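Hello,

Below is the structure I said I would pass on. My notes on it follow; please read them with the structure open.

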Amino acid sequence: QVQLVESGGGLVQAGGSLRLSCAASGRSISTLIMGWFRQAPGKNREWLIAILQNGGTTYYLDSAKARFTISRDIAKNTVYLQIDSLKPEDTAIYYCAARVSHSAPYNSWGQGTQVTVSS
């Protein structure tokens, strides 16, 4: 099972940008579907975006297309989430997760990184 550690969260003003990182160990991210999720206080977890084994992108949230970009560095075994034009409603804990295929569940999760956007 792959181990995941997120970083890069913090407090940012509305309109700013952040790049979150998800460092993986135990398995190459090139063999996995790597996804980003978020959960705001009192709300259900939202699936945002994923990067596939072939490097393609899948958006789970249509509204993520405009401001969220996923990328990866296979040599560093790290996946990134770039969030631009941050809004207060982006405040949440952001998690990365991994699964082996579209038919498998996301069964490896990081501990999350807090993103807080001030207005």
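Arginine 38 forms a salt bridge with aspartate 90, with the closest N and O atoms 2.9 Å apart. A salt bridge here is a side-chain nitrogen of Lys or Arg within 4 Å of a carboxyl oxygen of Asp or Glu. This pair links distant parts of the chain, 52 residues apart: arginine 38 is in strand 4 (residues 33-39), and aspartate 90 is in the loop between strand 8 (78-83) and strand 9 (92-99). Strands are DSSP runs (E, at least two residues), numbered from the N terminus.

The model is predicted: local features need pLDDT of at least 70 and side-chain atom pairs count only at pLDDT 80 or more, while totals for chains, interfaces and linings use all residues. Residues are numbered from 1 along each chain as its sequence is written, and side-chain values use heavy atoms, with hydrogens and water left out.

Arginine 38 also meets glutamate 46 in a salt bridge (2.6 Å, N to O). Are these residues buried or exposed? Buried means under 20% relative accessible area, exposed over 50%, and partly exposed in between (1.4 Å probe, protein chains only). Arginine 38 and aspartate 90 are both buried, arginine 38 with a relative accessible area of 9%. Glutamate 46 is partly exposed, at 29%.

The count of salt bridges is four. One of them joins lysine 65 and aspartate 62 (3.8 Å, N to O). Lysine 65 is partly exposed because its relative accessible area is 48%, and aspartate 62 is exposed, at 59%. Shared partners join Arg38, Glu46, Arg67 and Asp90 into one network of salt bridges.

Next, the core. A nonpolar core is a set of buried Ala, Val, Leu, Ile, Met, Phe, Trp, Tyr and Cys residues joined through side-chain atoms within 4.5 Å. The largest one has 29 residues, of which Leu4, Met34, Trp36, Val79, Leu81 and Tyr94 touch the most other members. Elements that give two or more residues to this core include strand 3 (18-25), strand 4 and strand 11 (113-118). Another core, of six residues, lies apart from it; Phe37 and Tyr106 are among its members.

Four strands form an open sheet in the order 1-3-8-7, with antiparallel pairing. Two strands pair if DSSP finds at least two bridges between them. Strand 1 (3-7) and strand 7 stand at the edges with a single partner strand each, so one side of each has no neighbour in the sheet. Strand 7 and strand 8 pair over six bridges, and arginine 72 has valine 79 in strand 8 as its bridge partner.

Regards
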